[in-house]
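This report describes how the parts of one protein chain are arranged and packed. Please keep the sequence and the coordinates in view while reading.

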Amino acid sequence: MILSAQYSLPHHIWVEMDALGCRYETYIGPVRATVVTPPRVEPSDLTIAPTLVGVPDEAWAVEPGSEVPQWSTTYASFGTDNATGLRRIGLELREEGREVWESPHHRGQHWTAKIADVTANCIANWFLQVENWVSVVTGEDINHRQPVYDSNSIGPGLLTWHNGRWSNGGFRISTPTPNPLSQNLLRAILERVGDGDQPPIEHQLWRDSRAALVRGDTRKAVLDAATAVEVCLIDLVAKTEASTGEKYNDRLGLISRSKWVASRVEDYIPHPKLKQLADLRNNTIHAGGPATYEQACSGVRVAIETVMKHGKSRDPRRP
């Protein structure tokens, strides 16, 4: 038995056109969910709904004079010619693989009441986890609860002629050029979210560090940047212990761990500004000294470069 639904995303997610017209499996809490994206139509008609179990065509009819809802929006944004901003998704919900809890007020009601109620209670957190993965994979800030960048629809408005078609320019955005998700990446993300998996913590930390820097919160930027680096160093120490049979017994801290690994791993080279970040973190924690924007910016760069080189993969397709 399947309950069909639709969900308006709190924040648009950039996807490549090949991600449209597809079905993706995930879990929303304990509820098994098939995410159905709108069809890809040429020329692109972004108002056509996906086909959902039990939902007739007339269910999508719009009363005269009403605005036709869009499932995705192709913006006048350079670098996204083969992409669209996904705005709504179809859902086919069912109890499968996991037990969906039943509250007393569900008893005696149609089976759809339980599925609908549990999904409604879980879907906000589900989307937060989707955002979490998307922001780590793409490097963009798309936290709809604590947005850093100004990125919202202001249309209907300007249309621009770009690549042989009119594109909706009713969009105010200050983010870098979007990095749209492919069909395979979106599928992997939804599967990982359904399994309850989090992105690697070091990638979450450098992402949060950069977001804090943009907001002007240099203290959080420094602390998250240093912690991201420390996570990588702790992992490097553990791998070195396993490969050499030695046990790390030195002092805790960025520099001590880094020196210990460097003396035993030939291809590990400490970041040239690692000590600067370590001193900055210690000053921020113990002396309460405010970090300047330039200092925090340097620390964020150290974190990003270290995590990209020594951190776990942020590709959701890899275990």
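## Basis of the description

Helix axes are lines fitted to C-alpha atoms over the stretch in contact, and angles between N-to-C directions run from 0 to 180 degrees. Helices (H or I, at least four residues) and strands (E, at least two) are DSSP runs, numbered from the N terminus.

The model is a predicted one, in which local features need pLDDT of at least 70 and side-chain atom pairs count only at pLDDT 80 or more, while totals for chains, interfaces and linings use all residues. Residues are numbered from 1 along each chain as its sequence is written, and side-chain values use heavy atoms, with hydrogens and water left out.

## Overall composition

The secondary structure of the protein chain comes to seven helices and nine strands. Of the 319 residues in the chain, 47% are buried, where buried means under 20% relative accessible area, exposed means over 50%, and partly exposed lies in between (1.4 Å probe, protein chains only). Contact here means heavy atoms within 4.5 Å; among contacts between residues at least 6 apart in sequence, 68% join residues at least 24 apart.

## The helix pair H6 and H7

Helix H6 (residues 274–287) packs against helix H7 (residues 293–310) at an angle of about 125°, and their axes are 10 Å apart. That angle makes H6 oblique to H7, since angles under 35 degrees count as roughly parallel, over 145 as roughly antiparallel, 65 to 115 as roughly perpendicular and the rest as oblique. The crossing of H6 and H7 is left-handed, a term used if the near helix is turned anticlockwise from the far one by less than a right angle, with right-handed used if clockwise.

On the H6 side, Gln 276, Leu 277 and Leu 280 meet Gln 295, Ala 296, Ser 298, Gly 299 and Val 302 of H7. By class, this contact of H6 with H7 has four nonpolar, four polar and no charged residues; Ala, Val, Leu, Ile, Met, Phe, Trp, Tyr, Cys and Pro count as nonpolar, Asp, Glu, Lys and Arg as charged, and the others, Gly among them, as polar. Gly 288 is found in the loop between H6 and H7, and it counts as exposed because its relative accessibility is 53%. The C-alpha atoms of Gly 288 and Arg 219 are separated by 9.1 Å, although these residues are 69 apart along the chain.

## The helix pair H4 and H5

H4 and helix H5 (residues 254–262) pack at an angle of about 35°, with 9 Å between their axes, and their crossing is left-handed. H4 contributes Ala 226, Val 229, Glu 230, Leu 233, Ile 234, Leu 236, Val 237, Thr 240 and Glu 241 to the contact, and H5 contributes Leu 254, Arg 257, Ser 258, Trp 260 and Val 261. These residues divide into nine nonpolar, two polar and three charged.

Glu 230 belongs to helix H4 (residues 218–244), and it counts as buried because its relative accessible area is 16%. Residues up to four places away in sequence not being counted, Glu 230 touches Gly 253, Leu 254, Arg 257 and Arg 281. Gly 253 lies in the loop between H4 and H5 and is likewise buried, at 16% relative accessibility. Gly 253 and Ile 234 are 19 residues apart in sequence and 9.5 Å apart in space, C-alpha to C-alpha.

## Nonpolar cores

A nonpolar core is a set of buried Ala, Val, Leu, Ile, Met, Phe, Trp, Tyr and Cys residues joined through side-chain atoms within 4.5 Å. The largest such core has 36 residues, and those with the most contacts inside it are Ile 13, Trp 126 and Leu 181. At least two residues of this core come from each of strand E1 (3–16), strand E2 (23–28), strand E3 (31–36), strand E5 (83–94), helix H1 (111–138) and helix H2 (183–194), and H1 gives the most, with 10 residues. Not counting residues up to four places away in sequence, Trp 126 touches Tyr 7, Thr 26, Tyr 27, Ile 28, Val 35, Ile 89, Leu 190 and Val 193. A second, separate core of 21 residues includes Leu 233, Tyr 248, Leu 254 and Tyr 268.

Gln 129 lies in helix H1 and is buried, with a relative accessible area of 19%; leaving aside neighbours within four places in sequence, Gln 129 is in contact with Val 193 and Gln 198.
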